[in-house]
Amino acid sequence: MRDIEPVTAPEQLRRAFGCFPSGVTALCARRGGEPVGLAASSFTAVSMDPPLVSVCIQHSSTTWPRLREQPRLGLSVLAEGQEDICARLASKAGNRFAGTDWYSSGEGSVFVDGATLWLDCAIYEEVPFGDHDIVLLRILGLSASPDTSPLVYHSSRFRSLAGI
């Protein structure tokens with residue numbers, strides 16, 4: 001039997017949560033004609049009816065307040081090989097879309113070209129919990145490329161899926 005240790009520091013949780021692999025998403029919209037976006041790895045399917053997914057956004061995000069004002073948001077599940085795009089979208093400085101091919105819907109959603117899944121969404125509900133907001137997004141449209149491998153984040157680094 002393993003010893004279960006009391007949680008006393010955020011570093012413990014970061015290390016523990018890193019044991020679970022996750023995909024990486026880009027949540028983006030057009031604001032004033034320019035793309036605005038962030039990277040989020042806390043993404044999950046929530047419901048088929050209504051069609052919902054969720055992302056968790058830190059309260060300290062300076063990008064989320066600009067995105068939440070937009071009527072439509074594009075969610076792109078990044079593909080293997082898009083590590084640089086993820087790093088730019090997660091950065092606090094510089095042009096987050098430099099070197100990134102992207103396109104926009106007529107409604108203002110922004111999508112990263114080459115991703116494995118694109119969801120055209122609107123905010124359904126936003127609920128504050130702890131140091132994050134859980135944001136439920138209603139899926140209004142989608143395009144999927146299931147043969148494209150996703151970018152996987154595990155144990156604080158990017159990984160590739162291997163076939164069995």
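The model is predicted, so local features need pLDDT of at least 70 and side-chain atom pairs count only at pLDDT 80 or more, while totals for chains, interfaces and linings use all residues. Side-chain values use heavy atoms, with hydrogens and water left out, and residues are numbered from 1 along each chain as its sequence is written.

On the surface, Val7, Leu13 and Phe17 come together as a nonpolar patch with about 310 Å² of accessible area between them. Patch members have over 30% relative accessible area and no salt bridge; like charges are joined within 9 Å, and nonpolar side chains (Val, Leu, Ile, Met, Phe, Trp, Tyr) within 5 Å. A salt bridge here is a side-chain nitrogen of Lys or Arg within 4 Å of a carboxyl oxygen of Asp or Glu. Areas are Shrake-Rupley values with a 1.4 Å probe, and for residues only the protein chains shown count as cover. Phe17 sits in helix α1, residues 10-17 (helices are DSSP runs of H or I with at least four residues, strands are E runs with at least two, numbered from the N terminus). Phe17 counts as exposed because its relative accessibility is 59% (buried is under 20%, exposed over 50%, partly exposed in between, with a 1.4 Å probe and protein chains only).

As for the backbone, Asp49 and Pro50 are joined by a cis peptide bond with omega at about 5°. Pro50 belongs to the loop between β4 (43-47) and β5 (52-58).

The loop between β11 (152-154) and β12 (157-159) holds Ser155, a non-glycine residue with a positive phi of about 55°. Ser156 is in the loop between β11 and β12 too, and its phi is also positive, at about 65°, again without being a glycine. Ser155 is partly exposed at 41% relative accessibility, whereas Ser156, at 55%, counts as exposed.
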